[in-house]
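Please look through the sequence and the structure shown below before reading on.

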Amino acid sequence: MQDTEIIAKIIKKDKNALYHLYDRYSGALYGVILRICQNQVVAEDVLQETFVKIWEKIEHFNPDKGRFYTWAYRIAKNNALNAVRNSDKLIQNDDFSVFKEKENIEVEIDIQQLNGAISQLEPHHQEAIALVYFRGYTHREANKEMGVPLGTFKSYIRQAIQLLRERYQVEMALLLWIMNVV
Amino acid sequence: MDKEYITTEGLLEKFLLDELGEEENQGIERAIANNRDLKQKFEQLEADFERMAFENAITPPPHIKNILIERLDEKPIRQIRYQWLGAAASLALLFMLTTFWMYSKWQTAQDELNILQNQSVVLEDRLDVLEKNYELTNDRLQLINSPSTIPFVLKGNSVQPNSRAVAYVNHDNRLVVVNPKGLPQLSSEQTYQMWSDVNGEMIDMGLLPTDKDLVTLKYIDRAESLNITIEPAGGNDHPTVEQLISAVTL
């Protein structure tokens, strides 16, 4: 079943359609949430809240403006960042400090290990993408974290995306070739 | 916002990551809707990021889905919130009405208390007047009934044959009280005045207004007789003998 069909059912308050969507996207979203929260209990709550919000706000999703996953990713990311701020109980003007507190435990947590195409990139490309996509940093926070100028950081992101795309295209070409051969 | 600016500034990435403000978001949405190339770039970016997310997916514990099912099966969340809101609003309204009702009651009670306090003051004043009247009446009654009090009836002479007054004289207490009710009504320019005769000289004892039950007059030592004359209003220094209407010897 296509996402659009499932979403149409959710709009009609079909709970089973939501559970179907959960089965499809919960892993990808939980991967982001857990990497931002770095706490399993908090991350589980955030995942649950994310799907409750999807259930409540599905009427606001506009497929003309983007994919469902992009919309759900934004909800998950914002919920996770709020949960981190609340659970840390840090009152800071600069959110960047909140993430600095997390830095010490980052290396000890296995979930920071990235898989797939991103894991094959250069370390600085990996880190740039990981910070903004999997850790919830803004570009400004991330470039400070990496200790490079903002312009350089933007170049890292652009290059990383380009390299990811090339690898995905190679994989796709390989897949098509295998299918033709078989 | 033109395509070049959006691309070089990495705004598509920031838009996807929800890093932009409301105004910039709307600008990017418009640009994507109006530019096919930009739209393709954004769709490609979404696809790449989504694929990367799936490559890094972590399967959540199974109980999370069960909790989600339980939560959604309980009651519609919005309904619960509206119910709580409704209950809170009802309680607030009830509290407001109760407070208003109590305030009204308190105001009414305060008004009634003020009225009662005013009435109490009026009643106290009336009681004072009644007590004074009672004391006066009692004093006069005691005087009239006293064994040492001598009543004298002053009958009218030919000038005013129908007049009659009673004088109560108590030499022990040196008091003279007269009941003038039997004296005919005079015009407003005239008044009755009483005199004591002491060795042939008429001494003023006071006026006799006819609208009173008892009038206390001056006690004159060694008075030989009591006399009533009709005088101009306000009284006279010397009696008008032609207007003598009554006299009695003590």
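**An enclosed strand and its neighbours**

Strand E3 (residues 175–179) of chain B is largely enclosed by the rest of the structure, because four of its five residues are buried, where buried means that 20 or more other C-beta atoms, placed from the backbone, lie within 10 Å of the residue's own. This is a predicted model, in which local features need pLDDT of at least 70, side-chain atom pairs count only at pLDDT 80 or more, and totals for chains, interfaces and linings use all residues. Residues are numbered from 1 along each chain as its sequence is written, while chains are lettered from A and ligands numbered from 1 in the order in which they are written.

**Strand pairing**

- Strands are DSSP runs of at least two residues (E), numbered from the N terminus, and two of them pair if DSSP finds at least two bridges between them.
- Strand E2 (residues 164–170) of chain B pairs with E3(B) in the antiparallel sense over five bridges, and Val166(B) stands opposite Asn179(B) in E3(B).
- E2(B) and E3(B) form a hairpin with four residues between them, and Arg174(B) in the turn has a positive phi of about 55°.
- E3(B) also pairs in the antiparallel sense with strand E6 (residues 215–217) of chain B, over three bridges, and Thr216(B) in E6(B) is the bridge partner of Val177(B).

**Contact between the chains**

- The contact takes 43 residues from chain A and 34 residues from chain B, where two residues are in contact if their C-beta atoms, placed from the backbone, lie within 7 Å.

**Confidence**

- The predictor gives the complex an ipTM of 0.85 and a pTM of 0.56.

Notes:
Buried ≥ 20, exposed ≤ 12 C-beta atoms within 10 Å, placed from the backbone.
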